[in-house]
Amino acid sequence: MNIDWAALGSVFGVSLLATVSLVGLFTLGIVGLSKQESASGQGGGSAVMARTGAYACFALCAAAVAYGISLIVF
């Protein structure tokens, strides 16, 4: 049995990077929603910007998950 350690390390690195990126992006979305709630009490357009940014983060997360599923299925 011969293990290609370089390929295994490459897969590990990409998996780690993708996981940290998705968790970070989702966290930014949650922070954006929490900022939207506090900004709506103060008034102004910052609440709309926070909500839009949060939805963009969630959309990017969904797109990354859909891309991963498409790589597995097709």
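Helix 1 passes helix 2 in a left-handed crossing. A crossing has this hand if the near helix is turned anticlockwise from the far one by less than a right angle, and is right-handed if clockwise. The model is predicted, so local features need pLDDT of at least 70 and side-chain atom pairs count only at pLDDT 80 or more, while totals for chains, interfaces and linings use all residues. Residues are numbered from 1 along each chain as its sequence is written, and side-chain values use heavy atoms, with hydrogens and water left out.

Helix 1 covers residues 5-42 and helix 2 covers residues 46-73. Helices are DSSP runs (H or I, at least four residues), numbered from the N terminus. The two pack at an angle of about 160 degrees, with their axes 8 Å apart. That angle makes helix 1 roughly antiparallel to helix 2. Roughly antiparallel denotes an angle over 145 degrees. Axes are lines fitted to C-alpha atoms over the stretch in contact, and angles run from 0 to 180 degrees between N-to-C directions.

The 38 residues of helix 1 should span 56 Å at 1.5 Å a residue, and the end C-alpha atoms are 55 Å apart, which agrees. The expected span is 1.5 Å times one less than the number of residues.

Helix 1 contributes residues including Leu-22, Phe-26, Gly-29 and Gln-36. Helix 2 contributes, among them, Ala-47, Ala-50, Arg-51 and Ala-64. By class, the contact has 16 nonpolar, five polar and two charged residues. Ala, Val, Leu, Ile, Met, Phe, Trp, Tyr, Cys and Pro count as nonpolar, Asp, Glu, Lys and Arg as charged, and the others, Gly among them, as polar.

The buried residues of helix 1 are Gly-29, Gly-32, Gln-36 and Ala-39. Buried means under 20% relative accessible area, exposed over 50%, and partly exposed in between (1.4 Å probe, protein chains only). Helix 2 is part of what covers these residues. In helix 2, Ala-47, Ala-50, Ala-54, Cys-57 and Cys-61 are buried. These residues pack against helix 1.

Two residues give local detail. Gln-36 has 17% relative accessibility and so counts as buried. Gln-36 touches Ala-47, Ala-50 and Arg-51, not counting residues up to four places away in sequence. Ala-64 of helix 2 is partly exposed, at 33% relative accessible area. Ala-64 and Leu-22 lie 42 residues apart in sequence, yet 7.9 Å apart in space, C-alpha to C-alpha.

Conventions. Angles under 35 degrees count as roughly parallel, over 145 as roughly antiparallel, 65 to 115 as roughly perpendicular and the rest as oblique. Contact means heavy atoms within 4.5 Å.
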